[in-house]
Number of protein chains: 4
Amino acid sequence: MFIKRTDLALEARELWQESAERTTRLMGVKATKSKLEGYPVTRVDILDHRGEEALGKPQGSYFTIDLTTFWQRKADFFERAVRAVGTELKALLPVEGSALVVGLGNAAMTPDAVGPLALDSVLITRHLLSAMPKQFAGFRPVSAFRTGVLGTTGVESAEAVRGLVAEVQPAMVLAIDALASRRCGRVCATVQLSDTGIIPGSGVGNHRAALNRETLGVPVFAIGVPTVVDSATLAADILEESGVEKVDEERLRGEHDAFMVTTRDIDQQVRDLSKVVGYGINWALQDLEIEEMNALLS
Amino acid sequence: MFIKRTDLALEARELWQESAERTTRLMGVKATKSKLEGYPVTRVDILDHRGEEALGKPQGSYFTIDLTTFWQRKADFFERAVRAVGTELKALLPVEGSALVVGLGNAAMTPDAVGPLALDSVLITRHLLSAMPKQFAGFRPVSAFRTGVLGTTGVESAEAVRGLVAEVQPAMVLAIDALASRRCGRVCATVQLSDTGIIPGSGVGNHRAALNRETLGVPVFAIGVPTVVDSATLAADILEESGVEKVDEERLRGEHDAFMVTTRDIDQQVRDLSKVVGYGINWALQDLEIEEMNALLS
Amino acid sequence: MFIKRTDLALEARELWQESAERTTRLMGVKATKSKLEGYPVTRVDILDHRGEEALGKPQGSYFTIDLTTFWQRKADFFERAVRAVGTELKALLPVEGSALVVGLGNAAMTPDAVGPLALDSVLITRHLLSAMPKQFAGFRPVSAFRTGVLGTTGVESAEAVRGLVAEVQPAMVLAIDALASRRCGRVCATVQLSDTGIIPGSGVGNHRAALNRETLGVPVFAIGVPTVVDSATLAADILEESGVEKVDEERLRGEHDAFMVTTRDIDQQVRDLSKVVGYGINWALQDLEIEEMNALLS
Amino acid sequence: MFIKRTDLALEARELWQESAERTTRLMGVKATKSKLEGYPVTRVDILDHRGEEALGKPQGSYFTIDLTTFWQRKADFFERAVRAVGTELKALLPVEGSALVVGLGNAAMTPDAVGPLALDSVLITRHLLSAMPKQFAGFRPVSAFRTGVLGTTGVESAEAVRGLVAEVQPAMVLAIDALASRRCGRVCATVQLSDTGIIPGSGVGNHRAALNRETLGVPVFAIGVPTVVDSATLAADILEESGVEKVDEERLRGEHDAFMVTTRDIDQQVRDLSKVVGYGINWALQDLEIEEMNALLS
């Protein structure tokens, strides 16, 4: 069992490979690399039970889009990021049908606010299509849900989403959440897409009931942005890199469990990436140019 | 049909009585007055179909607590208001069972923010009871839902609440909303409680699907605070009071439909009354003193 | 003395003309009409003391840009509104020098939030020019100040701005505030620009110390958006339009003083017009296209 | 020069003592311990130039109130914390005269929001005293200023405060800010008071111009709450505790400079401690019980 915690399939694979004991080949996992709009993309497929066990994640496809160069703000960095995220997401989603987009996380906690913030950039169309079907012909019906925080609702996100899915009957759920990375360098520099659903609150809070096809009855696609590194994971990495051979995992975990590492610019970074995610979802679901999204969302 | 719009049963009765043509007695409606904690209370019971037709509101009991003197801020004005609202509400509610409290309205629109703001003062206990049943023995399970605004969710409040009720299975729903009064003097000076459910958005927005026992399958209690006066209603009243005999209702409605009247202090008043409502709900549902609520909510 | 309250010079002139007693010509006031980017513009010049007394406003130029058709959302409505506001403002301002932009009003009160909201769309450059003079060559130094609310600062807006002006020494102050109109039709449908300074809080709150060249020592330009109608003014208008000859002004004022009339869509409208104002300021001060503003503000 | 960064005088002293090379006595620094309301208090006096150089902080008194047990939420934990902070602060402040309370930091960044949040719990009285001197006789005049963020104002906090001080002419400035601690255990578990002024943004952002008697012309008292640990400092500590002898400080600094460590509960913790700070200021400045503050602030 890893002390090093990550929500990224890419990093789970890295951790498996780094692990000193692994002399065997990693079976049931396939990784491929490509580039989209100037941003590197890594695809990790967990193919079977062996892959699931090795990486501790459910079977499915995980795309990691590396947005490190986003922050250099070179030509069209925003538009390229939207198209990169949107294009990969579009390839993952059913080609038609309505979507319920769920923003997980705590809007009042900056590194956990990706979900609710991204929803501000998602085009909500379900009510418009039902009120003005002609004017909005060609749009897919999209609705949204902000789960809020357990302490202020008393209801688990999975319960609330399940209730809403039963009413709204979307063809798919898209769930947006903040994630934990294992490497500082990936914090606010990566977007992970997957077709496997999500366990809310992995990034900042506690583990909760999963949102996936089993619990919701419809396919669930996850869009995650790593915004924190687990403090114990960071500590373990620091020690190993410095040649400390025997890391007392339990002690590190105990001392660091209440802490997380995030960036000093987290407010600006979360705001920018949330917009990339929201626009990427519009790109994947609707047949619109970015300028049209600007006009519709203003 | 009245041009004069009100969400208060008390005022619907007044309007019926003012109406020049009424020389007959109002059948199917009973009104009684009392005083609680220094605040006047009027109870209007709509007893049957005749009452429903006359007042344009569903059968049931409506309590109006007159908080006009709240703003004089005399001794214990807040505590007395909480106990007055809480005591009337308690008498209306089932003596046991869990509650889902729904805050209707738009948190970003000051006169419409009563619902979401009041929830900040409601003790949310459902998750605590399930995680720590011993420590929270004696509390009733309470969960909360902020419906948000149709434009940002794509889902009608009634749909979303119905889905949540199916999951959470509360014994009752309490729905908090901003209302429209017919008189400026009642704006931010009244709380109306009823056992009849509610049609969201009466106060500020458009009419929507009802939240009541028929649509949700559990009893629905409404807690409303008038925060606006319909601009056309105000205009009609002004004209009549000045002796103008023939008011062109259609024209007034047309000219004023897009407008509402509210107080210059609406931000402070909505904040204060939302706290009264939240604490009043705690008073009705939990066996707690106000100081204990302060401690638990801080 | 008018009971009818307005912050628009255009309407002060209308009121003077409507007044039954005026059979003489209005001296010391000049009004001219034009059109810019499809939006009608009325310029009222108060030329001397006679004009000041007649209209109850200080000598200077007042431009009212009529944005009624903005809400039809026809082609380029936003860009045209920005250029219309920006072009008129640019003609009013000194051609060079730094600016301090002051957002007056209460961010927590929707109809009073124009000032603070508009600042979110203003390019703040003073610190950038001082840190990276080469990269930002060509930009004018712009700083911003949100005055907040007297109850939460204890300091009058004019005092706080005066202190800041002494430190920052801008060549001019631009002050943004919500205004009161006399006509519902102008609420959220007009922007008034003037070179006369401003008395904060006219729109929603109480009168305060003025921000103008006398009190601040630098020229003060006001940008106002009417978001409310005084409830007593509305009542008086309603009565007059219905032929009531003798309006008891004192009574109306007494009954309605605590109330204001605003639109049901005030949250969306204030958000949209605040963006027009912020971008209009950028247009007037910086040499930028709207798309460049989008990129710099995102 | 320490790589280990801290804003706490207490920790600067610890670091000096830990430093392997120090075999001499620390001159010019005096530390004393006591207990107040059940919370341990450490006082560090930097007496002269030797102390200043050794600890890298200006001459003056620094009180650290250890609120670790606050989170056990035992009897009266909040009231005791308010009295502990308030009593120490009162002893530090001039016995009379008006105060300007400055909330430094970014309200939109949870670990940096202590300053603006604390102001929500400070009684603002200056305008009340001037409007109703009789009713508020006995209160000290208190005003408040939220500096905001350089990127949205273009003005350094020190500049803006200096301008306001010149206008308002307070007898003293109290400056509230988030701090950086060197130890995770002190994050959200400590309040530091000092009579030395403050350099804003030490905790989260970049170093800025100081707020102190030299720059403002009046005594400046600082109230700080550590909410983050510098990521490089944490890394260095982890390595040393594990026996790594040679820490490459430059590399650590480079890798970790963009990161900070904070608690997973930072939103709740910052909210609670901001209230302690605000109430503590009221305790120090006004002659009020905590219940009276509750009533006045509600």
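How many residues of chain B are in contact with chain A? The answer is 20 residues of chain B, which meet 20 residues of chain A, contact being taken as heavy atoms within 4.5 Å. This is a predicted model, in which local features need pLDDT of at least 70 and side-chain atom pairs count only at pLDDT 80 or more, while totals for chains, interfaces and linings use all residues. Residues are numbered from 1 along each chain as its sequence is written, chains are lettered from A and ligands numbered from 1 in the order in which they are written, and side-chain values use heavy atoms, with hydrogens and water left out.

**Chain B with chain A**

- Chain B and chain A bury about 1,700 Å² between them, with 53% of that area on carbon and sulfur atoms; buried area is the accessible area (1.4 Å probe) that two parts lose on being put together, summed over both.
- Four salt bridges are counted between chain B and chain A, a salt bridge being a side-chain nitrogen of Lys or Arg within 4 Å of a carboxyl oxygen of Asp or Glu.
- One of these salt bridges pairs B:Arg162 with A:Glu167, whose closest N and O atoms are 2.9 Å apart.
- There are also 10 residue pairs in polar contact between chain B and chain A, both residues being at pLDDT 80 or more; a polar contact is a pair of N or O atoms within 3.5 Å, where within protein one must be able to donate a hydrogen and the other to accept it, and residues adjacent in sequence count only if both atoms are side-chain atoms.
- On the side of chain B that touches chain A, two or more residues come from each of helix 5 (126-131), strand 5 (142-146), helix 6 (150-153) and helix 7 (157-168) of chain B, where helices (H or I, at least four residues) and strands (E, at least two) are DSSP runs numbered from the N terminus.
- Helix 7 of chain B gives the largest share of that side, with seven residues.

**Chain A with chain D**

- Here 28 residues of chain A are in contact with 28 residues of chain D, and the area buried between chain A and chain D is about 2,600 Å², of which carbon and sulfur atoms give 57%.
- Two salt bridges are counted between chain A and chain D, and A:Arg264 forms a salt bridge with D:Asp230 in which the closest N and O atoms are 2.6 Å apart.
- The side of chain A that touches chain D takes at least two residues from each of helix 9 (231-241), strand 9 (259-263) and helix 11 (266-285) of chain A.
- Strand 9 of chain A and strand 9 (residues 259-263) of chain D run antiparallel and are joined by five bridges, strands being paired if DSSP finds at least two bridges between them.
- Within this pairing, A:Thr263 has D:Phe259 as its bridge partner in strand 9 of chain D.

**How the copies are related**

- Chain A is superposed on chain D by a rotation of 180° with 0.0 Å of shift along its axis (RMSD 0.0 Å), which is the relation of a two-fold axis; copies are superposed by least squares on the C-alpha atoms of residues with pLDDT of at least 70 in both.
- A:Val261 is the residue of chain A that comes closest to this rotation axis, at 2.1 Å (C-alpha).
- A rotation of 180° with 0.0 Å of shift along its axis likewise superposes chain B on chain A (RMSD 0.0 Å), and in chain B the C-alpha nearest that axis is that of B:Gly163, 2.0 Å from it.

**Salt bridges in the whole structure**

- Over all chains, the structure holds 92 salt bridges.
- Among them, A:Arg182 and A:Glu18 meet through their side chains at 2.5 Å, N to O.
- Because A:Arg182 lies in the loop between strand 6 (172-181) and strand 7 (190-194) of chain A and A:Glu18 in helix 1 (residues 9-18) of chain A, this pair ties together parts that are 164 residues apart in sequence.
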